[in-house]
Structures are given as structure tokens and as C-alpha cells.
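Dear colleague,

I am handing over to you the structure shown here, together with an account of what was found in it. Please keep it open while you read the notes below.

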Amino acid sequence: MITNTNLEYKGNLFPKAYKTHTKKANLIEFESQNGVLLQIHVLRDSLLRFRYAPEGYFEKDFSYAIDQKQEHGYSQLDLREEENEFIILTEQVHCKVAKEDLRIGLYDLQGNVILEDELGFHWEENLEEGGNFVKMSKQSHDSDNFYGLGDKPTNFNLKGKRISNWNTDQYAYAKDMDEVYKTVPFYIGLSDKKAYGIFFDNTFKTHFDFCYERRNVMSFWADGGEMNYYFFYGPEMSNVVKAYTDLTGKPELPPMWAMGYHQSKWSYYPEANVRELTSKFRDLSFPCDAVYLDIDYMDEFRCFTWDKTRFPNPKKMISDFEKEGFKTVVIIDPGIKIDKDYEVFKEGLEQDFFCKRADGAYIKGKVWPGECYFPDFTNPKVREWWAGLYKGLMLEDGVHGVWNDMNEPAVMEVPGKTFPKDVRHNYDGNFCSHRKAHNIYGMQMARATYHGVKRNGSSKRPFVITRATYSGGQRYTSSWTGDNIATWEHLWLANIQVQRMSLSGMGFVGTDIGGFAEHPSGELFTRWVQLGVFHPFTRVHSSGHHGDQEPWSFDEQVLSITRKFVELRYQLLPYIYTMYYNYVTYGDPMIKPLVYFDQEDAQTHYRSDEFVFGDQLLVCPIQEPNALGRRMYIPKGKWYNYWTNEVVEGGKEIWVAAAMDILPLFVKEGAIIPKYPVQQYVDEKEIDTLHLEVYFKEGRERSLIYEDAHDGYDYKRGKYLIKKLKLYGKNKALLIDQFREGHYEPRYKKVKLKFIGLPFKLSKITVDTEKVSLTELQYNKKEQTIVLDANFHSLLIN
């Protein structure tokens, strides 16, 4: 007879002692006495994957995050059994598995601790929703530091923080509000100045505790799914970040126009107002490459439509803008208006492409068009259909880029601001509830958009921007940090969020310059533009309800200073383009926090104001009002003040003067910085001379310049040019060697070199072993410049 029908609450459950194991190639599986399985997959000498199955079986191995094109390999893999443990040995790490309870320890080759389990893996039955809460706890030390986790608006160093990941539409989010737009469950640990990384690839709601609850314990867990994580060992932070970016995928090179200045607002309409906007930019000689159309361009907010009253001939308008150098980017949200006369709605309904609840009813939610259904982007057939819908906007109307918003997914006027958890998803044939699919919904929408924009983009490189995404989303899209506020605190957060995103593999990122909610002062707007031009993505975006936020909306001083800095960005485009090349090719972050630049220096571990832009520019924004300067930390090496050419020694904090028209900006000694002339938009001018600013160094330094046609795919067929520049300076001589790779020929045939900081008087020049007169090289003594053939191999000056 059944006398007790209550489910037993068992609390935390743990693996028991080791029972048996198997080894197949690079996959080692352990089983405990209570049937728990542990798989350790050695992918590289410094990259190990750990999976746990408390019920004794693994579900299908599937991940949206992992780039299926990535390749793995290792040099050594040995398994050794000892009395109390197994040891897995590679050329980089030793992994110990305790026989007592399958706890893990990771060590370098000298036996030093990298990371050890505290309680290790444990789980708790989720009696309310099914499945298990899966948990992992690791030992930590007082000197440990933690970084990463995507777009979280909190302190850069995560020590002492507890963070959750659940993509949420957080309008005007506050500092320390952890559930915002993106889920990147990847962090970098720095222990004894050695870096490692953990990627917890679980799309359920996840949590990270960086010694918040217990001082010497770091833990992470999920509300469901599998304990499935990757361990990366550096020991350099750069190795960890690049390995993670390689695992989750790198994007293709964007078109150069995407790196220019972009102007957006909710909303520019009707057409006459947008034309007035574009004309104003050109009349004021303020560079701009793209204008954005928010939801008001649509017919009552129906996606893939135009309001023909406001925009009677969008194709002609977009064509006219393109002739003036403007690209047009339009917004597309996931909510499809319930309207039996709306073709997109009818197609989705007929093909059963909309999300349904557990009992088969459609999930209905209110967003901008009113009541809507929502496509299930985890269904490959839906993604294919969605990609095809872009034909009208892209091929027929000539739109250049697409901006995905509200794809957390956001639903208005409901608890939680999103779908109910019982909504069902295809999940590429791995059917599941919204608990599992929520955090990847925006990523899969952006994925479908990427393929639609690329397919219908007339052989041009796609430009997509998304608000919500998950690890690996960088393969398809750029992003921004969402609905921030026009405050000085949010300027500080913008700086941190972009640095954090860069360490999290999502380099093509920026913020709503000036703030989306509320309205900035002219001073705040100016300081934000100064920072924004040194972010990979530079866009002013705002809610028009709070006032105008164009550069001319304040006063002449603001206009003049912001134009000066946007012009500087356009001059630096060849440097920025090279920075992007290094990111998409090698996973090299475009924004390098100081701890990434020099993890050996303990002073960098908590610094978050300063960052290195690319490899050779040091930036430190002004982040408070009425400031005429600030103290900032200069990292190792010698650096030139960009504005004064004064050389400062690194490894210390200094005072830097910075009136309203100055941003603290330094150039690494030995750098060769390429520059274009100021343009109103990318490729406005046929550039006949590339400018190279050469910052003298006594010693050696390398610089790189990458060039191609700035759009299209010829670069993938060998039509690119890489210039490797090696500088070698002595107290009375300077040698520059140039090595070329690739088959692209730039239109310019000359380079103009400007020498900065030469400790000797220039008197003799040798080009490719032949002495050349100063007159022949158009030597300008005052400016310290010469002009020579762009294809030189060697330049010696003394």
C-alpha cells in the first residue's frame, strides 16, 4: 500500500566514488558508483571540455555557440592511474580526477594550481519545472580576479559579484542590473597572474558567483540542462580570449562603411525630415556614413513594409542617399502583427512558423504593432523563410543593413517582459521549452537576418546589428549595449561594457552615444563622442521623446569639437580596418583593457578607465563634468602624448590635461600609424597618398596595415594587401623595412611619412639601398615629412 505520495526533497546530490572508465581517442569517460558520468574531451593541449550526466546518460550533443568550422588538435595526451586519482597529461596542463568523488584539479606543468574543485559538480532536482539545477563550485584565492560575461553594466573586475544571465529588455537599465540583453557565460580568471577561462555552454538561465557568498569560493550553476563547460589555459590572457573566440567563431570582415559614424534616432520620419538630416550633415561637413530608420518607417509597425504616406518612394530615397554617401539601415523586430491581410502573417500562419505554448495555442504578445505572433527562429525552416523576406528591402529597395531589436524576446505588459516558460521551440530538432531557448532566441533571429542580408545584398558584405544574443552570436552580427541613459554614470558604464564585450569575443560593439533615455548636456554629449569614436562601432542613437541629439543640436563649440573627433576617426580608418582584420582573423580584441595588455602589472587588475585601441593607441575618456584633465595610468613602455608629442614613461599614474576639446590619447613608441585624409564618408575621395605617422623608438617595433577594396569578397580570393612594417631605431639612425603580402593594389602610389620624436637631425636618406636627396623626397623640415613610393622595401634615415 502507498502510504506517502509526497516527492522526497533530496537536496544537493553528488557523484560517489569512482567505479570505471573508458578512453576512446581524446575522449575519456568516468563513471561513479551512483551512475554519474563525467566526460573529459581534450580538444587542445590547453582546452578541455567537461560534461556531467547525473542520470547516467547524455542527451544529444548540440550547441548553437560552437563554431562547427573550428579545428582542434593536441600534441600530447596521456592517461595515468595512481592510487587516489587519475591524471590526464597534455603539453600544457595536467588534469587530476579524484577517485573518491570525481572532483577535478587543473595544474600547470610545474604542478602549480590553476583551478581546483571545491564541492565540484553537484545537482539538485527541480521538482517544479523538471530536470535538475546543475551546479559547480571552484576554490578561489584572495588574489584572484575575474573578467568577462558580456555586457553586464557593473564593475569591470567581477570579484565579489553575483551575476545571472537571462536576456531581458531593460529600458534605462541601472548599474549592477545583471539581467540585461545578452548572455555570454564565459569568464576569465586571473590567479597568481596566470589566466584561465571557463565557458559554461548552457542556454538555460545561468548564474555566476565570484566569491560573493563565500570569500574563497567561485561557483556557477544553471536552472536546467547539462553541466557542460570548457576550460581554457593561457597562461596569457590573450591566449584565453583568442581560444574562446576561435571556439565560438569569428565574424567575416565588415564593410568599411560600417566603421564610420552612424546617426540614428527613434525615429526619423517622414522622408522630408530624413532628407533634411542627411543634407545637414553634408552642409556642415560633418562626416557620416549611415542613417537609421526606426519602427516608424513601417506601415503600422508591420515588419518588411513601408508607410507609403511617410515614405512614398523608398527605393528612390535610398538611391539618392547613396549618391550622397549615406547607407540606409532599417530596423526589424520579431513580433509579426496579427492581421489576416498582412502577407508575412499569412505565410507564417500557413506554414506553422509561429511559437506555440505547451497546449498548442500560439504565444500571443503585445509589442509595437499591437498583438503579435512570434516566429520560432530555432526552426531552420523558419530561419530560411525569414532570410527570404529580406529580398524586398535589400534587393528591391536597396537597403544596406538591418538592425534587429526587441529580440530578447521582449513582450510588453506581461510579468517578466518575455514569453511564458512553457512556450515550445524546435531547437533544430532538439525540441524544448522556452526555458532552454530564451537566451538564444535573439541570436537565432540575427542568424536568419544575416543570411537574408548576405543573400540579398548584391555581393556586398552584410551589416547586421542586434540587441540580444548569446555566445557565438558574433559570427552573424554586431551589437550595441541597449537602452542606456544620458548620465555621466552611463558614460562610465559604456566604457566598461565595451571592454567587457571585447574580452567576451564580441568585438564589433558600441553604445548609444549620448544616451538613449533622457537628454545629455552638451558637455556630456561631447565627452561621449570622444569615447565613442574609439569604439569599434560608432553610432549616436536616442529616444526622440527627450530632445534632439544630432551634433548640431547643442551649440557651436559642441559641433566643432565632435566634428574634430569624428574627423579623427575617419583619418584613422586604415588603422581601424587593420584592427578589424586582426579581430576577424586571429580573434584579437579590438579594445584591450589594461589587464589584457599587461596582466603582470597588478596595477592593471582593477583599472577600467584606460584601454588600448588596437595595438598602439592608449585611450582614457573624461567621465565626469567640469573636468579639465584627469589622472590616468600609463602601462608599461613609453608613450607619446598624441596632442603634444611629449613622451611619458609607463608603469605609473600621471595627470593629463584635457580641456573640452582634448581626450587623453597616447601612441605607443615605435608605432607607425596609417591615416587617410578627412572624408565625409568612406571612399568619398580617391586617395593618392597614404599618410604614415612614425613615432621614433630606440629599439624595435612592428606595425601592420591591412587593405582591400573595403567591401565585397575579392579579398577572399587573394585581392588584399598586408603591409608588415618593422621599425628599428638607434640614437642616430632609423630603419624601416616593409614586407608586402597579397595581390591587391591600392589606388595610391605614394606614402607620406611624418617623423615624430627623432633624436637626431635628418640629413641622409637611403631608399632600397640607394641614396636619395631630400629634395627628391619633398622633405619638409618644419613638418618632418618625406614622400616616397608606396612600394618601398627599406628606408634608412640618419
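This is a predicted model: local features need pLDDT of at least 70, side-chain atom pairs count only at pLDDT 80 or more; totals for chains, interfaces and linings use all residues.

**Helix packing**

Two packed helices are described by the angle between their axes and the distance between the axes. Helix 9 covers residues 522–532 and helix 10 covers residues 556–571. How do the axes of helix 9 and helix 10 cross? They cross at roughly 5° and come within 9 Å. Angles under 35 degrees count as roughly parallel, and helix 9 is therefore roughly parallel to helix 10. On the side of helix 9, the contact is made by G522, F525, T526, V529, Q530 and G532. Helix 10 contributes V558, I561, T562, F565, V566 and R569. Sorted by class, this contact of helix 9 with helix 10 has 6 nonpolar, 5 polar and 1 charged residues.

Helix 9 also packs with helix 8, which spans residues 488–503. Here the angle is about 5°, and the axes lie 11 Å apart. Because of that angle, helix 8 is roughly parallel to helix 9. From helix 8, the residues W488, H490, L491, A494 and N495 take part, and they meet E523, L524, R527, W528 and L531 of helix 9. The contact of helix 8 with helix 9 divides into 6 nonpolar, 2 polar and 2 charged residues.

**The largest pocket**

Rolling a probe the size of a water molecule over the atoms shows where empty space is left. The largest pocket holds about 900 Å³ of space. Which residues lie nearest the centre of the largest pocket? They are D67, Q68, K69, Q70 and R475, from a lining of 37 residues. Several elements give two or more residues to this lining: strand 3 (37–44), strand 4 (47–53), helix 1 (237–248), helix 7 (434–455) and helix 11 (573–586). By class, the lining of the largest pocket has 17 nonpolar, 8 polar and 12 charged residues.

**Cavities**

The count comes to 6 cavities of 30 Å³ or more. The largest cavity has a volume of about 150 Å³. Its lining has 13 residues, and the closest to its centre are P251, E252, P462, Y476 and T477. In that lining, 8 residues are nonpolar, 3 are polar and 2 are charged.

The second largest cavity has a volume of about 60 Å³. Which residues line the second largest cavity? The lining is formed by E129, W166, F204, K205, D223, K421 and R435. In the lining of the second largest cavity, 2 residues are nonpolar, none is polar and 5 are charged.

**Backbone details**

Most residues other than glycine have a negative phi, and most peptide bonds are trans. The residues below are listed against that background.

- G234 and P235 are joined by a cis peptide bond, with omega at about -5°. P235 belongs to the loop between strand 18 (227–233) and helix 1.
- The peptide bond from Y269 to P270 is cis as well, with omega near -5°. P270 sits in the loop between strand 19 (261–263) and helix 2 (271–283).
- K193 is not a glycine, yet its phi is positive, near 65°. This residue, K193, is in the loop between strand 14 (186–191) and strand 15 (194–200). K193 has 33% relative accessibility and so counts as partly exposed.
- M406 is not a glycine either, and its phi is positive at about 60°. The loop between strand 25 (401–404) and strand 26 (424–425) holds M406. Is M406 buried or exposed? Buried means under 20% relative accessible area, and M406, at 6%, therefore counts as buried.

**A buried threonine**

T469 is part of strand 29 (residues 469–470). Its relative accessibility is 2%, so T469 counts as buried. Leaving aside residues up to four places away in sequence, T469 touches N167, Y181, K182, T183, N439, M443 and M506.

With kind regards

How values were computed. Residues are numbered from 1 along each chain as its sequence is written. Side-chain values use heavy atoms; hydrogens and water are left out. Axes are lines fitted to C-alpha atoms, for helices over the stretch in contact, and angles run from 0 to 180 degrees between N-to-C directions. Helices (H or I, at least four residues) and strands (E, at least two) are DSSP runs, numbered from the N terminus. Angles under 35 degrees count as roughly parallel, over 145 as roughly antiparallel, 65 to 115 as roughly perpendicular and the rest as oblique. Contact means heavy atoms within 4.5 Å. Ala, Val, Leu, Ile, Met, Phe, Trp, Tyr, Cys and Pro count as nonpolar, Asp, Glu, Lys and Arg as charged, and the others, Gly among them, as polar. Buried means under 20% relative accessible area, exposed over 50%, partly exposed in between (1.4 Å probe, protein chains only). On a 1 Å grid over the protein atoms alone, a cavity is a set of points where a 1.4 Å probe fits but cannot get out, and a pocket is an open set with protein on both sides within 12 Å along at least five of seven lines; lining residues have an atom within 4 Å of a point. Grid points are joined across faces, edges and corners, and a volume is the space filled by probe spheres set on the points.
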